[in-house]
Amino acid sequence: MAIQISHDAPNSLWAATANPHPQSSVFEGEVFCDAVVIGAGFTGLSAALKLVEAGASVTVLDAQDIGFGASGRNGGQVNPMLPFVSPEHLHKLVGSTYFERLTEASLNSADTLFSLIKKYKIDCQARQKGWLRVDHCRKMGDVAWANAERWNQYGAKMMPVAGGELASLSGSQLYQTGIVNPKGGAIQPLSHVRGLANAVQALGANLHGNSKVDALIQNDKGWLVKTAKGSLQCQWVIVATNAYSDDLINLEQSILPFVSIQIATEQLPKDVIDNILPEGHTISDTRRVIMYARREPDNRIVFGSHGEITRDGMLKGFEWLKRDAVRIFPQLADVNWQFKWGGKAAVTHDRVPHFHEPAKGLVAGLGFNGRGVAMSHVMGETLADRVLGKQAEDLPFPIWPIQKVPFRNIQLLGKGTAIKYMQFLDKLESTNFSRI
Ligand SMILES: Cc1cc2nc3c(=O)[nH]c(=O)nc-3n(C[C@H](O)[C@H](O)[C@H](O)COP(=O)(O)OP(=O)(O)OC[C@H]3O[C@@H](n4cnc5c(N)ncnc54)[C@H](O)[C@@H]3O)c2cc1C
């Protein structure tokens, strides 16, 4: 049965403005293929793309719509860095070999993504105009540039920016110092994930929404993948379910899901928007409860941060978000915030993305720690490389066992309080830091 795929992110700017959803159908019947990809987000679809390019027969299944997860909901900021302040921190966690590979892969991740978009002519408002990271306090201003210089030794190409120049680039008078990463940029994420899906289908892969995988059974031919209406026999299974992971292979317990929320303005008149991010940079700050924002080609501002989900599944935190947006950009005091939405992303306990191979023919990749727009594509390609025969020890990611995050339940229970405490610390540090 052919169905139109819709997008369940109520009141999202992306859903309102994205290119049409790809045609898809609920998976039914019995099928043989080389690989089944579970999860139709950036990770799963970029893995599928590389596999079909190489001639493999591939089926992609998603429990919901294509792009339903974080890939269709995120801030679309292409930030080519893992979230480690210093290179030494990452080195200590993964050792020399993987430090070099992960550093190279992450610093090149924006180029990887923009090249893919160009190659497949994906229409997603892609722009590589730089990422402005502003320091919320003096202490951070002191350490951030020292660390950026160390990352530059590995090819990061970041530049310091301060004072009047920073105020002009950002449109905010609040910051004294910051860093420009010229490789950063932005995409319309839902258009991008739909563009990836179209490319995958055009090359011959089968794509099925509303087709949740309920069970994986290993047998002498590889894997039997079961959904409510059918089954697939394949040699390889790729699990790309990130923060929407369940207990299928126990991935859920290996990450902490965090909620991120966003608001977007109506289209703004020139005199209101003109000096906000005039050169098209994306912006984020160094607070624990981070802000990230961007200016749209149709003159809207999109602004995001951490949020919460209530017990009855409602997103929470939008009022604080609006106040924070106006604190940073007072020009937005009287605007109408037309859209609000959010979703779940995945944090690993060590902040390194995790590649797993828990059994022969079964691989998974997740945990991008807020940098998944670019890094999920690197992970997707890596998963595909493994399926295509690359040796496990030659991959950019170390292979981790699937392990429960230490004190996970306590961390989940205390999340609301932790956010409030982090906001308190951020505020304390930021006091007396503004330029005017
Ligand atoms: C609001 C928000 C803002 C963000 N902003 C940014 C940003 O600006 N920059 C950045 O770098 N990162 C950002 N991120 C993170 C980034 O979006 C993610 O890291 C990335 O999209 C993860 O992609 P993915 O394909 O691995 O997972 P997802 O896109 O989450 O896809 C997982 C899919 O798996 C499916 N699934 C789960 N279980 C099953 C099953 N049993 N059977 C079949 N399908 C299943 C789900 O339905 C889902 O569609 C943000 C995240 C959120 C939520």
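**Close-up views of a predicted model**

**View A. Strands β16 and β17 form an antiparallel pair.** Strand β16, covering residues 292–295, and strand β17, covering residues 301–306, are joined antiparallel over 4 bridges, where two strands pair if DSSP finds at least two bridges between them. Within this pairing, Ile301 of β17 is the bridge partner of Arg295. Strands (E, at least two residues) and helices (H or I, at least four) are DSSP runs numbered from the N terminus. The model is predicted, so that local features need pLDDT of at least 70 and side-chain atom pairs count only at pLDDT 80 or more, while totals for chains, interfaces and linings use all residues. Residues are numbered from 1 along each chain as its sequence is written.

**View B. An open sheet is built from 8 strands.** The order is β7-β8-β6-β15-β16-β17-β14-β20, with mixed pairing, and the edge strands β7 (159–162) and β20 each pair on one side only.

**View C. Helix α9 lies across β14, β17 and β20.** This helix, residues 318–328, runs at about 55 degrees to β14, with axes fitted as lines to C-alpha atoms, for helices over the stretch in contact (C-beta atoms, placed from the backbone, within 7 Å), and angles running from 0 to 180 degrees between N-to-C directions.

**View D. The ligand is surrounded by 46 residues.** Gly39, Gly41, Gly69, Gly75 and Gly372 are the closest, and a residue is near a molecule if its C-beta atom, placed from the backbone, lies within 6 Å of it. Elements giving two or more residues to this shell are α2 (42–53), β14 (256–265), β20 (337–347) and α10 (372–387).

Key
Contact = placed C-beta atoms within 7 Å.
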